[in-house]
Amino acid sequence: MKKMIGLTSAMLFSLPVFAQSITGTVITLAGNAEIKADNDQAVVTFFIEEQDKDKAVAASRVNQKMKAGTELIKKEDPQAELHTRGYYSYPIYSDATKTVAGQAPKQQLVGWRTGQYLEVKTQNLKQLPSTAAAAQSILALNGINFGLSDATIAKLESERIAAGYKDFSQKLTMITHTMGKKPDDVVIESLDFDNAGSNMRPMAMAAEPMMLRSARAAGPVEAPSFEPGYTSLSIHITGKLKLK
């Protein structure tokens, strides 16, 4: 009996010592969160490419068709933002080489390849299939990328930060409870909100010119089917805490 009493007294005596030992302890804590939102914006890239023995003829056909395609897109979607990208022109040589006595072999110039890209940014996703089909009667569809508009990202910013801080606070409550402390016994010395304020702007990537030949439509095109999907917005919060 005396041994049990002595052991109990020792345990009771040691508790305040443990509580006192963690006072002033510095804790690093991380909170994470992710929210999802339906994409409300598309960035579409169209292109046109022509080849001819005459450089001027190839360039003229590109210019005419790009102008017609641009006007058609504006008619289908007046609110869309259009940006010209990557105008290029380069010579084409035959595989066979021409040899002249006393001179180094030379490749023979057989023509010119000219092309141009057009980037279209729009939030009119309901109209997008019709717009793409109309444009493809003249231009070729090179790529499409769905994402969130700047306005939507701005609206979701407070929700994203709140979700991250909620996760941080819940972890803080669990840790302090485990250590026999209360959240009020903690002083937050610093908080680092990683990714806060960052915008996710998808970019439509264009293929290399040599990969684009014969991609242009020959006539009317059926409207394509698009699934915009969603975008995930994440945040990581790191805090430096000190126990009172």
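**Exercise 1. Determine how many aromatic pairs the structure holds, and describe those formed by Tyr88.**

Step 1. Rings of Phe, Tyr and Trp (its six-membered ring) pair if their centres lie within 6.5 Å; planes under 30 degrees apart count as stacked, over 60 as edge-to-face and the rest as tilted.

Step 2. Tyr88 and Tyr90 form a stacked pair, with 6.0 Å between the centres and 20° between the planes. Tyr88 and Tyr117 form a tilted pair, at 6.2 Å centre to centre and 45° between the planes.

Step 3. Tyr88 belongs to strand β3 (residues 81–98) and Tyr117 to strand β4 (residues 106–122), so this pair ties together parts 29 residues apart in sequence. Helices (H or I, at least four residues) and strands (E, at least two) are DSSP runs, numbered from the N terminus.

Step 4. Ring pairs link Phe47, Tyr88, Tyr90 and Tyr117 into a cluster.

The model is predicted: local features need pLDDT of at least 70, side-chain atom pairs count only at pLDDT 80 or more, and totals for chains, interfaces and linings use all residues. Residues are numbered from 1 along each chain as its sequence is written, and side-chain values use heavy atoms, with hydrogens and water left out.

**Exercise 2. Decide whether Tyr88, Tyr90 and Tyr117 are buried or partly exposed.**

Step 1. Buried means under 20% relative accessible area, exposed over 50%, and partly exposed in between (1.4 Å probe, protein chains only).

Step 2. Tyr88 has a relative accessible area of 12% and is therefore buried. Tyr117, at 7%, is buried as well. Tyr90 has 21% relative accessibility, so Tyr90 counts as partly exposed.

**Exercise 3. State which residues of helix α2 are buried and where they lie around the axis.**

Step 1. Helix α2 (residues 55–76) has 22 residues.

Step 2. Its buried residues are Ala58, Ala59, Val62, Met66, Gly69, Thr70 and Ile73. They cover an arc of only 105° around the axis, so they lie on the same side of α2; the arc is that of the directions from the helix axis to the C-beta atoms.

Step 3. An α-helix has 3.6 residues a turn, so residues three or four places apart point the same way.

Step 4. The exposed residues Gln64, Lys67 and Lys75 are carried by the face of α2 turned away from its buried side.

Note on methods. Expected span 1.5 Å × (residues − 1).
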